[in-house]
Every structure is written in C-alpha cells, then in structure tokens.
Amino acid sequence: QKDPETPKKEQLSVKKLRVVLFALCSSTEQAAQHFRNPPRRIRRWLRRFQAFHDDRAEPSEGKYLSLEAEEKLAEWVLTQREQQLPVNEETLFQKATKIGRSLDGGFKISYEWAVRFMLRHHLSTHTRRGVSHPLPKEIQGNAGAFIEFVQRQIHAQELPCSMIAAVDEISLFLDAEILGNDERRKENALQTVGNGEPWCELVLTVLADGSVLPALVISRGHLPSPAAIPDSILLESKENGCDDDEIMELWAARVWRKHAECRGSSKGMLVLDCHRTHLSEEVLAVLSAAGTLPAVIPAGCSSRIQPLDVCVKRSLKNFLQKKWKERIKELKDPDSSALLQLLLGWLGEALEILGKNCRELIRKSFLIASVLPGARSASPRRNGDEQEELICAMEERLKIPKSRESSPEFPGNDDQGDPEILHRLFEGESEAESFYGFEEADLELMEI
C-alpha cells in the first residue's frame with residue numbers, strides 16, 4: 001500500500017522548480033499568491049525535489065559553479081538580505097552569471113541548480129535555526145574573530161548587561177499602486193524588502209539584560225497629527241527621507257544618549273551591522289561621550305551573530321504583517337497619514353509585549369548569538385533548537401498564529417538519517433491534497 005508521506009522520486013518540471021525557487025527566495029505564502037498554487041502543494045514539490053536528489057551525485061564537473069564560486073554567491077545572498085534588498089530569480093541568476101564568468105569561464109544556469117544551491121547553503125528564508133548552519137568559509141572566519149573580540153572586551157571592561165546593546169533597522173516599503181488599484185492584493189502592499197526609498201524606517205534597540213529601548217520611527221513626507229504616540233516610540237519626519245548617516249545620528253541623539261545618561265554608566269558596547277549603520281563623526285562623538293564601543297558585525301554574519309536577528313526582528317515583522325492583513329481590506333482609500341497612525345499603534349502594542357513579557361527571550365538571544373561570554377552550546381543542533389524555541393515562544397506571546405512557514409528549511413543530504421529532523425519536516429503534513437478519494441497521480445493532472 002502506498003505511503004502518502006513518501007515523496008515520489010522524480011524530477012520536477014521547470015515550471016514547478018521556478019515556483020519552488022521563488023518560495024525559497026521569499027516565502028511559500030508569497031509564492032502561492034504569485035503563482036496561484038496552494039502553499040501545501042508547493043511544500044510537497046519541495047519535498048519531492050529533496051527526495052529525488054537524496055541519492056544522486058552532483059552534476060558533472062564543470063557544468064555548474066565550483067564550490068569556491070558558490071561560496072561567493074552565498075556570501076552575496078547573505079549580504080543582500082542584511083540590506084533588506086530582494087533576492088529573486090532574476091537577481092540570483094544575474095549574480096551567478098557574473099561570478100561564473102569571472103571564476104569558471106561560464107557555466108550552465110538552470111532552476112534545478114538554483115534550488116540545489118539555495119538548499120545546500122541553507123539560504124531558505126523559512127529557517128528558524130539559522131544559528132546552527134555554517135556560514136561560507138571566509139565569512140565564518142570573520143564571525144569567529146568578531147565573537148572573540150566582543151567577548152574579550154565585555155570580560156576585560158566588565159561591561160554591565162544594561163549597557164550592551166544591539167541596534168538594527170527594519171525598512172517598510174509601501175506599494176502605492178497595489179494599495180490604490182488592486183483590492184485582491186492589498187495585503188501584499190506592505191513589504192519588508194524592496195528597492196527604492198522605504199515608506200518608514202524602524203530603528204530597534206534591545207539590551208543584553210532583556211530591556212527594550214524606545215523605537216525610533218522615521219517617516220517620509222509630512223507627519224499626521226497622531227492623537228497619541230505610544231511612549232515607546234520616537235517619531236521623526238523627513239520630507240525626502242534620511243540616509244543611513246542621518247538615521248544613526250537621530251538614533252544616537254534621541255535614544256542612546258538619553259539611555260547612557262539615565263544609567264550613569266561609564267562604559268558600554270553597541271552591536272550593529274556594517275551595511276545599514278554608517279558611523280559619522282556625530283555618531284562616534286555621541287558613542288565616545290557615552291563610553292560606548294561600536295562593535296560592527298562583519299558583512300554576511302548578521303543572521304548568526306546579530307541578537308536582533310535571532311528572533312526579535314522576525315517576530316516583529318510577522319506581527320506587523322499580521323496586523324496589516326487583518327485591517328487593510330477594511331480601509332477604503334487610506335492615505336499615508338492614516339496608515340502611519342495604524343503602524344504606530346501596532347508597533348507600540350508589540351513593543352509593550354516585548355518589554356514586559358519577553359525579557360528572558362531577549363536575554364537568551366544575546367547568548368545564542370554568542371555576544372555574551374560563555375554563550376553558545378558546543379552543539380550547532382542544540383543552538384538551532386534553542387533559536388527555534390525562542391521564536392515560537394516570542395510569537396506565541398505576540399499572538400501570531402502558527403503556520404507552515406514556521407517549519408525549518410528542508411534538510412540537506414547530511415540530515416536525511418536524522419529522525420528528529422524528518423519528524424519536524426513531515427509533522428502535520430499529508431502528501432495528498434485535501435481531495436478525498438483522489439490518488440496522487442490524479443492530482444498531478446491538476447498541477448502546472
């Protein structure tokens with residue numbers, strides 16, 4: 001009798017591979033909306049791809065990118081995401097072609113190769129276990145050196161947890177065309193990656209003692225007249241937006257200086273990304289006056305060693321997206337001011353929950369990111385387990401519904417014998433769609 005949980009070991013069509021690649025680059029939900037296919041079907045295709053390639057050798061030598069070239073491409077994907085720039089089929093293939101020409105004298109691009117590449121280097125956006133995955137070799141060395149430096153400084157300077165901070169930005173992009181002209185897709189008008197100028201910038205700051213500092217919100221254009229801005233939010237408006245220097249100068253003056261003065265501490269440390277936080281002389285002057293050492297995370301490492309990336313940013317993005325989808329279809333022709341007022345309310349609600357109910361989760365984020373001495377477990381798998389547990393706990397407190405997107409990314413060949421990972425992979429899933437009485441072969445006829 002056929003086991004419905006066993007994926008068929010056959011290659012996917014080019015059309016299906018394209019859908020799977022889209023899901024790995026963005027999310028299964030976005031792929032489902034873009035290609036008008038149920039998320040469950042897309043996940044089944046991904047499982048089938050994995051099953052087909054489990055016991056097959058790599059493509060013949062010279063046909064695809066070398067390991068060295070793939071490592072450079074993986075570094076590019078990681079740095080793109082740090083800058084909240086989109087990684088998609090077009091940008092991935094363009095970059096792969098450029099790297100291939102410079103290192104290998106050209107190579108054959110295919111969707112099969114692209115999906116294998118994304119899985120082999122753990123680049124799926126689905127993963128909730130990023131800290132357990134190895135980085136490309138050069139980036140891994142930079143990450144190790146950064147962790148050693150940070151932990152040594154914390155120990156040598158005896159820095160208090162209340163003065164060890166992580167700061168990062170979330171950019172929100174608003175697609176006015178979708179918002180104004182497409183009722184069916186309104187819920188997709190707000191995104192956290194994009195090209196061009198963002199609608200809003202949110203600057204988040206958390207401390208190693210679990211505290212959350214006020215969030216700085218920078219809006220383009222004229223401000224509305226909010227009846228009440230939550231105490232946890234500092235609002236700025238710039239007609240033409242702000243560059244990274246200006247954002248950090250505002251943050252240093254309005255958030256960090258006030259915190260350092262209140263603490264009366266002589267020394268501190270600030271963990272921040274290299275891409276989105278340019279340190280101008282004004283910013284360095286504020287940090288110096290507060291005795292704060294900037295610890296700049298090397299490019300490509302943020303997904304592993306930025307405490308905010310361990311669970312806070314992901315959970316907050318999901319919370320804001322959930323709120324947006326719940327409300328946006330009710331609003332008729334909302335203007336930017338009305339939407340900003342809603343955003344401020346949602347953000348204030350989330351920050352209150354994080355500050356009151358998630359302090360221990362934020363503290364653990366610094367440990368899992370290896371910022372604090374004596375932090376990580378020796379086992380990458382255990383670190384991944386802890387990160388997944390943190391995300392689940394934070395989303396539960398933020399009342400974010402569980403979805404299949406919470407599943408870890410599909411494992412590579414090295415993980416196939418691990419029953420724990422396979423259990424997580426297939427838990428709650430049936431290989432057949434929700435059409436009682438139909439066999440898998442019958443359902444295939446309905447697929448693209």
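Student: Why does Lys399 count as exposed?
Tutor: This is a predicted model, so every value here is computed from it. Lys399 has 64% relative accessibility. Exposed means over 50%, so Lys399 counts as exposed.

Student: Where is Lys399 found?
Tutor: Lys399 sits in the loop between helix H15 (380-397) and helix H16 (419-426). Its phi is positive, about 60°, although Lys399 is not a glycine.

Student: What makes Arg36 exposed?
Tutor: Its relative accessible area is 71%. The cut-off for exposed is over 50%, so Arg36 is exposed. Arg36 belongs to the loop between helix H2 (28-35) and helix H3 (39-53). Arg36 is not a glycine, yet its phi is positive at about 55°.

Student: Why is Gln83 called partly exposed?
Tutor: Gln83 has a relative accessible area of 27%. Buried needs under 20% and exposed needs over 50%. Gln83 is therefore partly exposed. Its place is the loop between H4 and helix H5 (89-104).

Student: What separates the C-alpha atoms of Gln83 and Asp273?
Tutor: A distance of 9.3 Å, although the two residues are 190 residues apart along the chain.

Student: Why does Ser315 count as buried?
Tutor: Its relative accessibility is 0%. Buried means under 20%, so Ser315 counts as buried. Ser315 lies in helix H12 (residues 307-327).

Student: What does Ser315 touch, not counting residues up to four places away in sequence?
Tutor: Ser315 touches Ile391, Met394, Glu395, Leu398 and Ile400.

Student: How do you know that the span of helix H7 agrees with its 21 residues?
Tutor: Helix H7 covers residues 137-157. The rule takes 1.5 Å times one less than the number of residues.

Student: Which residues of H7 are buried?
Tutor: Ile139, Ala143, Phe146, Ile147, Val150, Gln153 and Ile154.

Student: What covers the buried residues of H7?
Tutor: The cover includes helix H4 (67-82) and helix H11 (302-305). It also includes strands S1 (164-174), S6 (268-273) and S7 (292-297). Just after H7, Glu158 takes a positive phi of about 50°.

Student: What makes H4 roughly perpendicular to H6?
Tutor: H4 and helix H6 (residues 111-120) pack at about 70°, with axes 11 Å apart. Roughly perpendicular runs from 65 to 115 degrees, so H4 is roughly perpendicular to H6. H4 contributes Glu70, Leu73, Ala74, Val77 and Arg81 to the contact, and H6 contributes Trp113, Phe117, Met118 and Arg120. By class, six residues of this contact are nonpolar, none is polar and three are charged.

Student: Why is H6 described as largely enclosed by the rest of the structure?
Tutor: Eight of its 10 residues are buried, so H6 is largely enclosed. Among the buried ones are Tyr111, Trp113, Ala114 and Arg116. After H6 comes His122, with a positive phi near 55°.

Student: How do you know that H13 and H14 are roughly perpendicular?
Tutor: The axes of helix H13 (residues 336-357) and helix H14 (residues 359-368) cross at roughly 80° and come within 5 Å. That angle falls in the range of 65 to 115 degrees. H13 and H14 are therefore roughly perpendicular to each other. Leu354, Gly355 and Asn357 of H13 meet Arg359, Glu360 and Ile362 of H14. This contact has two nonpolar, two polar and two charged residues.

Student: What about the whole chain: how many helices and strands are there?
Tutor: The protein chain has 17 helices and seven strands. Of its 448 residues, 52% are buried.

Note on methods:
Residues numbered from 1 in each chain as written. Predicted model: local features only at pLDDT ≥ 70, side-chain atom pairs only at ≥ 80, totals over all residues. Heavy atoms only, no water. Helix = DSSP H or I, 4+ residues; strand = E, 2+ residues; numbered from the N terminus. Buried < 20%, exposed > 50% of the residue type's maximum accessible area, 1.4 Å probe, protein only. Contact = heavy atoms within 4.5 Å. Axes fitted to C-alpha atoms, helices over the stretch in contact; angles between N-to-C directions. Parallel < 35°, antiparallel > 145°, perpendicular 65-115°, else oblique. Nonpolar A, V, L, I, M, F, W, Y, C, P; charged D, E, K, R; others polar.
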